[in-house]
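Subject: Model for your review: aromatic pairs and nonpolar cores

Hello,

Please find the structure below. My notes on its aromatic rings and its nonpolar cores follow.

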Amino acid sequence: MPLAFQEQSADQSDGGRRVLERLRQESLRLGFSRLGVTTAEPPPRLDHFSKWIDRGFAGVMEGWMRRHLSLRRNPDNLLLGTRSVIMLATDYDARAVHSRKSPDRGQIARYAIGRDYHDVLRSRLNQLGRWLEEAMPGCKTRGVVDSAPLAEREFAARAGLGWFGKNTMLIDQRAGSYFFLSGLLTTVSLPIDYPVEVDHCGTCTACLDICPTDALPEPRVLDANRCISALTIEDHGPVAETFRPHFGNWIFGCDLCQEVRPWNRYAPGTEDPELQSIENEEMPSLVELLSLDKSAFRKKFHGSPILRAKRVGLLRSAAIALGNHPLANCDISAGLHSLCRALQDDEPVLRGAAAWALGQWRQRIPTKAPQIIDALQAQLADEQDDSAKYEIRSAIGQSK
């Protein structure tokens with residue numbers, strides 16, 4: 001039966017607590033892991049976020065973030081009349097196995113292995129919103145999954161779902177940081193939860209120390225210009241040469257600063273089939289990736305968050321990974337063939353990355369150097385892009 005509350009306010013009344021408890025139960029039934037509620041007041045650290053953008057730390061996302069900064073100030077901009085922000089945490093598969101002893105395979109961040117979480121969570125938010133609208137006739141809801149300008153981590157922290165770790169991610173004392181955040185805005189006032197008052201990170205700096213590109217210059221400050229995750233997902237252009245060796249074989253995202261977190265020893269993972277890793281997709285073959293044309297790329301990653309990197313971004317990162325880990329024995333021929341093919345791709349960014357990788361192989365596998373130089377010189381003769389020319393000349397060993 002619907003629950004009607006005067007002036008769409010549940011607040012701290014017994015009825016409000018009842019509907020909130022039922023809301024929590026419904027969220028668990030739908031597959032969410034935890035729920036917290038806070039007010040629609042502006043995020044408390046919005047000035048900090050604005051200053052972070054001004055420091056140039058937003059990377060290629062700066063334009064988008066700056067354009068939407070005013071919208072982040074008030075959830076009312078996303079749903080007129082918003083009075084409560086319901087934040088939801090959803091655990092993902094933290095048990096995915098990553099072996100750095102597989103030079104022919106690329107690493108993908110745990111959260112991206114499997115179905116696109118945007119689709120999964122958006123569907124569940126819509127169902128939860130409909131439930132609340134039926135329980136409280138007249139109220140309105142809107143679900144948000146990190147594609148709208150809502151300060152999700154700010155509201156989640158205020159709703160008691162965790163504290164800010166030193167790598168800027170939210171940590172739950174019972175569940176670590178391997179979870180998605182999503183929000184449900186509503187025009188009804190619900191009883192609120194309260195933030196975690198204690199910084200349980202203490203003096204630990206493991207997440208800062210492990211970052212190979214020094215993307216965490218200070219606690220709780222991320223420089224997206226240097227972050228492997230941002231560079232492999234958001235930035236589809238050439239990667240600065242100084243960063244390439246630090247990529248290792250990461251091709252989409254990076255989990256290093258999460259893997260060293262003591263609190264992630266308790267990460268529960270999930271048995272949810274929609275968020276489970278897909279068998280044999282945790283570490284895809286780099287050689288096979290470099291063979292994908294646009295159609296094959298879209299088909300292989302249909303329904304996956306990996307599409308966000310776009311073909312040029314993912315294959316560029318795959319080429320860099322191959323450059324960092326020249327293959328052994330019988331795999332050498334397959335690797336060279338894939339890199340030489342990428343050297344002739346339509347995308348100049350990919351041609352440049354393939355040239356750099358071939359340059360690394362030229363130095364580390366002397367027996368293949370003549371074949372590599374021939375391929376590079378043949379491409380240089382036809383190359384029209386200045387950036388790709390630079391990479392090819394550098395790979396050959398010519399003056400830059």
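The count of aromatic pairs comes to 11, where rings of Phe, Tyr and Trp (its six-membered ring) pair if their centres lie within 6.5 Å; planes under 30 degrees apart count as stacked, over 60 as edge-to-face and the rest as tilted. One of these is the stacked pair of F49 and W52, with 5.7 Å centre to centre and 25° between the planes. Both residues lie in helix α2 (residues 46-54), three residues apart, about one turn of the helix. Helices (H or I, at least four residues) and strands (E, at least two) are DSSP runs, numbered from the N terminus. F49 counts as buried because its relative accessibility is 14%, and W52 is buried at 15%; buried means under 20% relative accessible area, exposed over 50%, partly exposed in between (1.4 Å probe, protein chains only). The W263 and Y266 pair is tilted, because the ring centres are 6.4 Å apart and the planes are at 55°. Y266 is partly exposed, at 46% relative accessibility.

This is a predicted model: local features need pLDDT of at least 70, side-chain atom pairs count only at pLDDT 80 or more, and totals for chains, interfaces and linings use all residues. Residues are numbered from 1 along each chain as its sequence is written, and side-chain values use heavy atoms, with hydrogens and water left out.

One aromatic cluster is formed by Y92, Y111, Y117, Y178, F180 and F252.

R72 lies over the face of F49, 4.2 Å from the ring centre, and the charged end of R34 is over the ring of F179, 5.3 Å from its centre.

As for the cores, each is a set of buried Ala, Val, Leu, Ile, Met, Phe, Trp, Tyr and Cys residues joined through side-chain atoms within 4.5 Å. The largest has 50 residues, and those with the most contacts inside it include F252, W361 and L376. Among the elements giving two or more residues to this core are β8 (250-252), α14 (348-364) and α15 (369-382). Helix α14 gives the most, with eight residues. Leaving aside residues up to four places away in sequence, L376 touches L343, A355, L358, I392, A395 and I396, contact meaning heavy atoms within 4.5 Å. Another core, of 29 residues, lies apart from the largest one and has Y117, L125, L132 and M136 among its members.

Regards

Technical notes
Lys NZ or Arg CZ within 6 Å of the ring centre and 35° of its normal.
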